[in-house]
Amino acid sequence: MARRLLGADSATVFNIQEPEEETANQEYKVSSCEQRLISEIEYRLERSPVDESGDDIQYGDVPVENGVAPFFEMKLKHYKIFEGMPVTFTCRVTGNPKPKIYWFKDGKQISPKNDHYTIQRDLDGTCSLHTAASTLDDDGNYTIMAANPQGRISCTGRLMVQAVNQRGRSPRSPSGHPHVRRPRSRSRDSGDENEPIQERFFRPHFLQAPGDLTVQEGKLCRMDCKVSGLPTPDLSWQLDGKPIRPDSAHKMLVRENGVHSLIIEPVTSRDAGIYTCIATNRAGQNSFSLELVVAAKEAHKPPVFIEKLQNTGVADGYPVRLECRVSGVPPPQIFWKKENESLTHSTDRVSMHQDNHGYICLLIQGATKEDAGWYTVSAKNEAGIVSCTARLDVYTQWHQQPQSTKPKKVRPSASRYAALSDQGLDIKAAFQPEASPSHLTVNTGLVESEDL
């Protein structure tokens with residue numbers, strides 16, 4: 001069947017039935033890395049909205065007891081072909097009501113109007129995706145999803161397209177020679193170690209790649225990418241077509257999760273240009289490009305206080321403003337502290353304000369004794385940090401009498417002292433009527449000396 005699908009000069013198909021192999025070894029098993037990727041694609045597709053399929057199917061009211069979720073009677077297989085050859089992915093799906101069918105490549109939906117692929121569906125539920133001449137861009141994971149009101153299901157087939165010139169030979173078998181079964185790989189067979197080991201090659205494929213970047217001069221720039229392939233691809237970076245060599249400012253790292261990074265720190269104007277990442281292994285190569293734009297560095301100026309905080313005193317219950325003015329490029333961040341406690345947010349009574357002209361204010365509504373203390377304001381930007389401190393005192397208010405009742409100063413005389421007796425002080429005798437302050441006038445004639 002595979003030979004009929006792929007033509008007389010059949011490509012290498014992973015699921016070709018070989019009579020001398022046991023049933024368990026008929027189908028090729030993808031690597032664990034690829035299987036995880038396939039599972040992730042299927043998981044996301046089954047939970048994501050999709051565009052309308054090409055199937056002209058309208059769902060009516062199907063009784064729940066009669067409904068059957070989609071089910072694959074035959075799933076997609078994995079193929080490995082040479083560039084320019086035809087390939088057809090085939091599966092069979094059933095369900096009640098008849099499921100709608102959607103095709104995806106690497107998680108992106110394939111439109112039924114796509115000229116490169118031919119999508120068909122037979123009455124028995126057989127679905128197929130066919131391309132007459134494969135290109136290197138066809139390399140990837142192909143997923144079919146079937147959906148009806150009872151649920152969704154999907155399966156994925158891996159297509160590996162190899163360039164003819166990368167193999168160094170024609171994909172055609174020599175004339176007159178029958179098809180020779182490929183020796184099984186060590187990963188599939190633990191038999192005689194002297195048996196030839198068949199190596200499997202996967203052309204590099206970028207799973208993650210960055211887009212164009214704009215970075216300010218002097219900052220750090222990081223370009224991350226992730227690539228699959230077997231053997232593990234070697235990565236190289238180029239700037240405007242010239243190789244990038246690791247140095248103190250350019251570092252190339254590989255993390256445990258397989259993410260490759262090009263780190264540039266600090267970025268200079270010479271780093272601007274077109275970056276190309278090339279992944280190469282024995283099966284071929286792949287690449288991506290991006291543009292790095294380096295923005296001019298600002299003329300940084302450290303913060304400086306134009307007006308500093310001033311020591312302030314205020315009566316209990318009155319509002320108070322602690323003000324200053326600061327400048328700097330870029331505009332600095334402002335931090336307030338009372339004694340050793342940071343003021344991180346504004347409240348209804350204590351609020352922090354600043355404007356675009358550098359004016360900074362700490363406003364306290366209804367100052368109390370607890371507000372008294374040392375206040376520090378700090379201004380910080382990339383060029384430096386500066387601080388200033390001031391004291392706030394809060395006084396208790398004294399309820400004084402009006403000025404008209406202020407007692408007059410009276411200089412005592414010997415005659416007035418004569419009015420003192422062991423009975424007390426005779427107020428009327430001690431002061432002349434015109435010199436007697438009104439607030440000291442007492443109804444009784446005598447007061448005790450202790451009260452005086």
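Tutor: Let us begin with Arg158, which is found in strand S9 (residues 151-162). Helices (H or I, at least four residues) and strands (E, at least two) are DSSP runs, numbered from the N terminus. This is a predicted model, in which local features need pLDDT of at least 70 and side-chain atom pairs count only at pLDDT 80 or more, while totals for chains, interfaces and linings use all residues. Residues are numbered from 1 along each chain as its sequence is written, and side-chain values use heavy atoms, with hydrogens and water left out.

Student: Is Arg158 buried or exposed?

Tutor: Buried means under 20% relative accessible area, exposed over 50%, and partly exposed in between (1.4 Å probe, protein chains only). Arg158 has a relative accessible area of 2% and is therefore buried.

Student: With which side chain does the side chain of Arg158 make a polar contact?

Tutor: A polar contact is a pair of N or O atoms within 3.5 Å; within protein, one must be able to donate a hydrogen and the other to accept it, and residues adjacent in sequence count only if both atoms are side-chain atoms. The partner is the side chain of Asp139, at 3.1 Å. Contact in general means heavy atoms within 4.5 Å. Leaving aside neighbours within four places in sequence, Arg158 is in contact with residues including Val30, Glu34, Tyr79, Phe89 and Phe202.

Student: How is a sheet to be read?

Tutor: Strands of a sheet pair through backbone hydrogen bonds, either parallel or antiparallel. Two strands pair if DSSP finds at least two bridges between them. Here, an open sheet of 4 strands has the order S1-S3-S7-S6, with antiparallel pairing. Strand S1 (68-74) and strand S6 (118-121) each have a single partner strand, so they stand at the edges, and one side of each is left without a neighbour in the sheet.

Student: How many bridges join S1 to strand S3?

Tutor: There are 4 bridges between S1 and S3 (residues 87-96), which run antiparallel. Val68 has Asn96 as its bridge partner in S3, and Phe71 has Thr94. S3 is also joined to S7, by 6 bridges, and these two strands run antiparallel. There, Thr88 has His130 as its bridge partner in S7.

Student: Where is Ala133 found?

Tutor: Ala133 is in the loop between strand S7 (126-131) and strand S8 (140-148). Its relative accessible area is 40%, so Ala133 is partly exposed. The C-alpha atoms of Ala133 and Val87 are separated by 7.7 Å, although these residues are 46 apart along the chain. Not counting residues up to four places away in sequence, Ala133 touches Gly84, Met85, Pro86, His116 and Asp138.

Student: How many disulfides does the structure hold?

Tutor: A disulfide is a covalent bond between the sulfur atoms of two cysteines. The criterion is a pair of cysteine sulfur atoms within 2.5 Å, and the structure holds 0 disulfides. For Cys127, the closest cysteine sulfur is that of Cys91, at 5.0 Å, which is too far for a bond. Cys127 counts as buried, at 1% relative accessibility, and Cys221 counts as buried, at 1%.

Student: What may be said of the chain as a whole?

Tutor: The chain has 5 helices and 30 strands. Buried residues make up 35% of its 452 residues. Among contacts between residues at least 6 apart in sequence, 65% join residues at least 24 apart.
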